[in-house]
Amino acid sequence: MNDLELLAAANKAMENAYAPYSGFRVGTALLCADGRVFTGCNIENSSYGATNCAERTAVFKAVSEGCRDFSAIAIVSSGGGETFPCGICRQVLGEFSPNIRIILRNKSGETAVYTFQELMPKIFSL
Ligand code: THU
């Protein structure tokens, strides 16, 4: 799946976002090395702290299905501009794939691609 197709899959996944508290909807599509794609959305909770980001939804779906090697993740949001993954999600992505490409869409609809190393050069590791 190419970058534009991944962005389209993320956009579709955003339809399932459960975001009644923030109103900020996020969708992701995670491409695995074996070609499988796992989508995700943010899932909020009234306790706030139990909220799960769209990136981690996709990662946890993939890992639970046996995929740990990720090539790329596309992230879109209802915010419009580039939506960068939060720090916790960067740490989780880096646990499995420190060379993953992060595909975003800017306000003009253009695709922007970042390396994981640009966004998170030194992750915590044991
Ligand atoms: N959110 C994500 O889904 N991914 C991120 O990387 C940052 C934030 C969600 C969590 C919450 O539902 C909403 O965006 C506002 O923070």
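Which polar backbone atom lies 2.9 Å from an oxygen atom of the ligand? The atom belongs to Ala54. This is a predicted model, in which local features need pLDDT of at least 70, side-chain atom pairs count only at pLDDT 80 or more, and totals for chains, interfaces and linings use all residues. Residues are numbered from 1 along each chain as its sequence is written, and side-chain values use heavy atoms, with hydrogens and water left out.

Stay with the ligand. One of its nitrogen atoms is 2.8 Å from an N or O atom in the side chain of Glu55. A ligand oxygen atom is also 2.9 Å from a polar backbone atom of Cys86. Taken alone, the ligand exposes 380 Å². The protein buries 78% of that (areas come from the Shrake-Rupley method with a 1.4 Å probe).

Now look at the surroundings. The residues around the ligand include Ser22, Phe24, Val26, Asn42, Glu44 and Thr51. Cys53, Ala54, Glu55, Phe84, Pro85 and Cys86 also belong to this shell (a residue is near a molecule if one of its heavy atoms lies within 4 Å of it). The shell divides into seven nonpolar, three polar and two charged residues. Here Ala, Val, Leu, Ile, Met, Phe, Trp, Tyr, Cys and Pro count as nonpolar, Asp, Glu, Lys and Arg as charged, and the others, Gly among them, as polar.

Turn to the rings. The structure holds three aromatic pairs (ring centres of Phe, Tyr or Trp, its six-membered ring, within 6.5 Å). One of them joins Tyr21 and Tyr48, 5.7 Å centre to centre. Their planes are 40° apart, so the pair is tilted (under 30 degrees is stacked, over 60 edge-to-face, the rest tilted). This pair links distant parts of the chain, 27 residues apart.

Key: Polar contact = N/O pair within 3.5 Å; in protein donor to acceptor, adjacent residues only side chain to side chain. Helix = DSSP H or I, 4+ residues; strand = E, 2+ residues; numbered from the N terminus.
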